[in-house]
Structure formats: structure tokens, C-alpha cells
Amino acid sequence: MKKKIAILGSTGSIGKTLIEIVKKDKSKFDILLLTANKNYNELFDQAKNLNAKNLIITDKKSFEKLKKKNLVKLKFSIIIIHLTIYLKKKLIIL
């Protein structure tokens, strides 16, 4: 049975280290969620390589760019959480 994991801050140094560990034995893991602040290119590549189901990105401009890239290439569920929106407990979901 695969272990289901979410990687918060997957484009940061700790997230990248964890992804390298997961890549060594992808068959044991099911990546449910990857998150990032602004680095939409790396987040997209990680999602593609790990077959992630959902992405969260907190920067609105990066969200728009990731959304355009996703429409052309692959289909992920992408969520933007802006800090002030999150604090009001509202989400923009596409």
C-alpha cells in the first residue's frame, strides 16, 4: 500500500530534499499535494515528475502563470491561497 503524502514548501530546500528521497522509490508514495509560494515553474515540474494530484501556490501572479501552463500541458487541481483570503477562510478554487 502506497503512503499518501503532502509536501508543504516543495520548492524550498527541505522540500527539494524530500522530493529527491521520494523519487528514489516513487512506487511507494502517492503525492496528494505540493505547495509553493512563487516558484510556479519548479512546482509544475515537480508535479509532473511525481504525478501529484493537487497544487497550492500562494502568489497570485504565479498562480495565473501556473494556471496558463497547466491548461496547455497537464491537468492538476490548482488552488491559490492568498494570506488575507485564507485568514477570512475563503479560497479561490479552479
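This is a guided tour of the structure above, stop by stop.

The model is predicted: local features need pLDDT of at least 70, side-chain atom pairs count only at pLDDT 80 or more, and totals for chains, interfaces and linings use all residues. Residues are numbered from 1 along each chain as its sequence is written, and side-chain values use heavy atoms, with hydrogens and water left out.

**The whole chain**

Begin with the protein chain in a cartoon view. The chain holds four helices and five strands, where helices (H or I, at least four residues) and strands (E, at least two) are DSSP runs numbered from the N terminus. Followed from the N terminus, the order of elements is β-α-β-α-β-α-β-α-β. Of the 94 residues in the chain, 33% are buried; buried means under 20% relative accessible area, exposed over 50%, and partly exposed in between, with a 1.4 Å probe and protein chains only.

**The nonpolar core**

Next, select I31, L34, L43, A52, L55, I57 and L66. These residues have the most contacts inside the largest nonpolar core, which has 16 residues. Such a core is a set of buried Ala, Val, Leu, Ile, Met, Phe, Trp, Tyr and Cys residues joined through side-chain atoms within 4.5 Å. Two or more residues of this core come from each of α1 (13-24), β2 (29-36), α2 (40-50), β3 (54-57) and α3 (60-72). Helix α2 gives the most, with five residues.

**Salt bridges**

Now display the charged side chains. A salt bridge here is a side-chain nitrogen of Lys or Arg within 4 Å of a carboxyl oxygen of Asp or Glu, and by this rule there are five.

Select E20 and K23 in helix α1. Their side chains form a salt bridge at 3.7 Å, N to O. The two residues are three apart in the helix and therefore separated by about one helical turn. E20 is partly exposed, at 44% relative accessibility, and K23 is also partly exposed, at 37%.

Move to D30 and K53. This salt bridge has its closest N and O atoms 2.9 Å apart. D30 belongs to strand β2 and K53 to the loop between α2 and β3, so the pair ties together parts that are 23 residues apart in sequence. D30 is buried at 16% relative accessibility, whereas K53 is partly exposed at 38%.

Then select D45 and K48, whose side chains meet in a salt bridge of 3.8 Å, N to O. Both residues lie in helix α2, three residues apart, about one turn of the helix. D45 is partly exposed at 32% relative accessibility, and K48 is partly exposed at 41%.

**The loop between α2 and β3**

Stay with this loop and select N51, which is located there. N51 is exposed, with 55% relative accessibility.

**A positive patch**

Finally, show the surface and select K38, K61, K65 and K68. These lysines gather in a patch of positive charge on the surface. Patches are made of residues with over 30% relative accessible area and no salt bridge, with like charges joined within 9 Å and nonpolar side chains (Val, Leu, Ile, Met, Phe, Trp, Tyr) within 5 Å. K38 is found in the loop between β2 and α2.

Methods: Areas by Shrake-Rupley, 256 points an atom, 1.4 Å probe, with all protein chains shown as cover. Lys, Arg positive; Asp, Glu negative; His and termini not counted. Charge placed at Lys NZ, Arg CZ, Asp CG, Glu CD.
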